Amino acid sequence: MFQNFDFGVVASSLPYLFGQGMVFTLTLTALAATGGVVFGTLLAMMRLSGVPGLWHAAKLYVELMRSLPLVLVIFWFYFLVPYIGAWMTGSPNPIQVGAFTSALITFTLFEAAYFAEIMRAGIQSIPKGQTAAAQALGMGYAQTMRLVVLPQAFRNMLPLLLTQTIVLFQDTSLVYVLSLTDFLGAASKVAQRDGRLVEMYLFAALVYFAVCLAASFLVRRLQARVAIIR
Amino acid sequence: MNYTWNWGIFLEPSPEGTGTYADMLLSGLSWTIATALSSWVIAFCLGSLIGVLRTLPSKAARAVGTAYVELFRNVPLLVQMFLWYFVLPEVLPGSLGSWIKQLPNAPFYTAVACLGFFTASRVAEQVRAGIESLPRGQRMAGTAMGFTVAQTYRYVLLPNAYRIILPPLTSEFLNNLKNTSVALTIGLLELTGRARSMQEFSFQVFEAFTAATILYVLVNLVVIAAATLIERRVAVPGQR
């Protein structure tokens, strides 16, 4: 069954696959994860703030994003972002936004909903006594959050945040629907150019498997090391 | 914003010649639901089996279960979809491969198999967590009653474990439902794909996507309501 395989096609396309494809995938993952954690933390704080309009808005946003398929959200933002851009800059026509920017905005906003749920659990895991102690020291809300609650919440939730980032790394392959050249997109373009679907897709699967397995192994090691013994 | 809204578009005939754009989206919805339900059958049965394997005393069984879960969790769904659709028919023996390629509705069967095996790895993790969350005494009590391992699982461990993991299983079912949209890449005419083609035919981008969004949210609400109902029906009186 493997007699017709041509692994030369994989070898000759390695610079393209990793130099362009994997760099794109990793850049998108890193930027979207950073943006997602920041925006997600804000959403979590809004949701826990107890301020009427604020927590309703955060809840609605998170629930809506979590009930939609990522592919649909990718399409939504691909068409919506040019209009939002036009509205923000006051231009009469939809502005041109690159597919990469569009994908970055999509993944940041989409993953923020998932990161928000993790951070919400993280903030809630900090005992009430700590907030009370911070307030007794005369700290305001911002100081309490920045100096007491969030550092511990991040530390407690670090393994979950990283696991979600691995999921994000896998999900970025869906930019395929916008014909972007991420790792899978690059593999697919070579596959179609050379008529070598079997070799290229098997190789792509192998690379994703190796990266994710190694990453989740590291996360487990880290989890054992950073865990706070109570 | 100079976007021309036209909500009447749903009642206009679609260029496919059968029915309106609304019919087109609803047929997409029915494919989404059919795919989600069929793949859930595979995911639930296989996932339960793998989850049980991971809790058995036998080391070999646990290794098989772990290997399955790691394999299917660490490859992106889209890549798995391509492997099932483009690669599997090529690497199978000739006649079997061409039989698969000639199947009517091949994208549907491929998507069902792919999502089934993918979601099974997630269901397996939940089943394992459910069984491991039970007190050790339950397994021992089963053994003390003279149950075989199979009987212990059938009558003691699984009925309890399933009740505990019902909420996470519901969210896995919803994930499975959302994941059906990935099958648009292999040509399944499901809801997101239909909304996308409606946008291509009619240029009414936001109407098409708004309708799809509302349909997804409605299906989500129905599933959550059904899960709450099931949870109440199967709850053991007096427990918790």
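The crossing of helix α3(A) with helix α10(B) is left-handed, a term that applies where the near helix is turned anticlockwise from the far one by less than a right angle, clockwise being right-handed. This is a predicted model, in which local features need pLDDT of at least 70 and side-chain atom pairs count only at pLDDT 80 or more, while totals for chains, interfaces and linings use all residues. Residues are numbered from 1 along each chain as its sequence is written, and chains are lettered from A and ligands numbered from 1 in the order in which they are written. Helices (H or I, at least four residues) and strands (E, at least two) are DSSP runs, numbered from the N terminus.

**The helix pair between the chains**

- α3(A) packs with α10 of chain B (residues 205–234) at an angle of about 150°, the axes being 11 Å apart; axes are lines fitted to C-alpha atoms, for helices over the stretch in contact, and angles run from 0 to 180 degrees between N-to-C directions.
- α3(A) and α10(B) are therefore roughly antiparallel to each other, given that angles over 145 degrees count as roughly antiparallel, under 35 as roughly parallel, 65 to 115 as roughly perpendicular and the rest as oblique.
- On α3(A) the contact is made by Leu72(A), Phe75(A), Trp76(A) and Phe79(A), and on α10(B) by Val205(B), Phe209(B), Ala212(B), Thr213(B) and Tyr216(B), where two residues are in contact if their C-beta atoms, placed from the backbone, lie within 7 Å.
- By class, this contact of α3(A) with α10(B) has 8 nonpolar, 1 polar and no charged residues; Ala, Val, Leu, Ile, Met, Phe, Trp, Tyr, Cys and Pro count as nonpolar, Asp, Glu, Lys and Arg as charged, and the others, Gly among them, as polar.

**The contact between the chains**

- Chain A and chain B each bring 29 residues to the contact.
- On the side of chain A that touches chain B, the elements giving two or more residues are α3 (70–89) and α8 (197–226) of chain A, and α8(A) gives the most, with 10 residues.
- That side of chain A has 26 nonpolar, 3 polar and no charged residues.

**Annotated spans**

- An unreviewed UniProt entry places the feature "transmembrane region" at residues 22–46, 67–89, 95–116, 160–180 and 200–219 of chain A; UniProt positions are given in the numbering used here, feature names are shortened, and annotations may be inferred rather than shown by experiment.
- In the model, residues 67–89 of chain A are 91% helix and 0% strand, with end C-alpha atoms 31 Å apart, and residues 200–219 of chain A are 100% helix and 0% strand, with end C-alpha atoms 28 Å apart.
- For chain B, the UniProt annotation "transmembrane region" (unreviewed entry) covers residues 31–53, 65–86 and 205–230, and the span 205–230 is 100% helix and 0% strand, with end C-alpha atoms 38 Å apart.

**Individual residues**

- Ser179(A), in the loop between α6 (141–171) and α7 (183–194) of chain A, has a positive phi of about 55° although it is not a glycine.
- Phe169(A), in helix α6 of chain A, is buried, with 22 other C-beta atoms within 10 Å, and touches Thr29(A) and Cys212(A), not counting residues up to four places away in sequence.

Terms used:
A residue is buried if 20 or more other C-beta atoms lie within 10 Å of its own, exposed if 12 or fewer, and partly exposed in between; C-beta atoms are placed from the backbone.
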